[in-house]
Amino acid sequence: MIEIALAYAMGCFAIGLVMTTARLLMAPTIGDRILALDTMVVNVIALVVLYGIYTGDGLNFEVAMLFAMTGFVSSVAFAKYLLRGSVIE
Amino acid sequence: MTAALEYLLVALLVIAGTFGLIGSYGLWKLRDPMQRLHAPTKASTVGVGAALLASVLSVTLLHDGMSWHELLVVIFLFITAPITALFLAKLHIHATVARRDLPPTGVDRDWASFDERPEDDEPSLPRPADPR
């Protein structure tokens, strides 16, 4: 039963990844592209965690944390650049 | 006991997948940029939070002992998601709202996206009035 639920969750996040990729490619504003990138990172973190459950050897902690950190920093840096014209003043 | 934990694990996995899908679908489907900002926050809090809790449970269930690393990722995501959302909302205001429609800032500086001067080292918060 756990295998079925795991496959369902991974499938949902995979479909979500496809949707965010489509939104990233066809976005009306630049803010939507940043938001789509941020959501992609969130979906990838969830997929990494679910893959850790699937293989059974625990969480790929470093991978998930690196994705979370680079995703946050890149989103904020993009938004800051568009707001102020430079990332660090 | 083990069966109950299994049911809980399955429920968490289903919740995680459903919320992740809803978040991404909302990002694709909703019309207004501020509405689109609303949808993926569900995916990043409930979706990933439930997936990481399921990971904690699975380690407890399949192997002996607990793993607390997942909670660090959850805390990091919960701290950073509102900051990203705030920046994107500011970007939306900057892109769509005209300068004259914005209220006064209350300090000697203009709104950040319209102020051409470089930022100070210290944030320009409103200073308290003279102490009495």
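The following questions and answers concern a predicted model with chains A and B.

Residues are numbered from 1 along each chain as its sequence is written, and chains are lettered from A and ligands numbered from 1 in the order in which they are written. Because the model is predicted, local features need pLDDT of at least 70 and side-chain atom pairs count only at pLDDT 80 or more, while totals for chains, interfaces and linings use all residues.

Biologist: How many helices and strands are there in chain A?

Modeller: Helices (H or I, at least four residues) and strands (E, at least two) are DSSP runs, numbered from the N terminus. From the N terminus on, the elements of chain A run α-α-α. The count for chain A is three helices and zero strands.

Biologist: Is chain A compact or spread out?

Modeller: The C-alpha atoms of chain A fill a box of roughly 50 × 30 × 10 Å along the principal axes. The globule rule is 2.2 Å times the number of residues to the power 0.38, and the radius of gyration is taken over C-alpha atoms. For 89 residues the rule gives 12 Å, and the radius of gyration of chain A, 16 Å, is well over that, so chain A is more spread out than a compact globule.

Biologist: Which helix of chain A gives the largest share of the side that touches chain B?

Modeller: Two residues are in contact if their C-beta atoms, placed from the backbone, lie within 7 Å. The contact takes 46 residues from chain A and 51 residues from chain B. On the chain A side, H1 (2-25), H2 (30-55) and H3 (61-84) each supply at least two residues. The largest share, 15 residues, comes from H2(A).

Biologist: Is Tyr54(A) buried, partly exposed or exposed?

Modeller: Tyr54(A) sits in helix H2 of chain A. A residue is buried if 20 or more other C-beta atoms, placed from the backbone, lie within 10 Å of its own, exposed if 12 or fewer, and partly exposed in between. Tyr54(A) has 16 C-beta neighbours inside 10 Å, so this residue counts as partly exposed.

Biologist: Which element of chain B has the lowest mean pLDDT?

Modeller: pLDDT is the predictor's confidence in each residue, from 0 to 100. Chain B has a mean pLDDT of 81, and 86% of its residues reach 70 or more. Among the elements of chain B, helix H1 (residues 2-29) has the highest mean, 89, and the lowest, 84, belongs to helix H2 (residues 33-62) of chain B.
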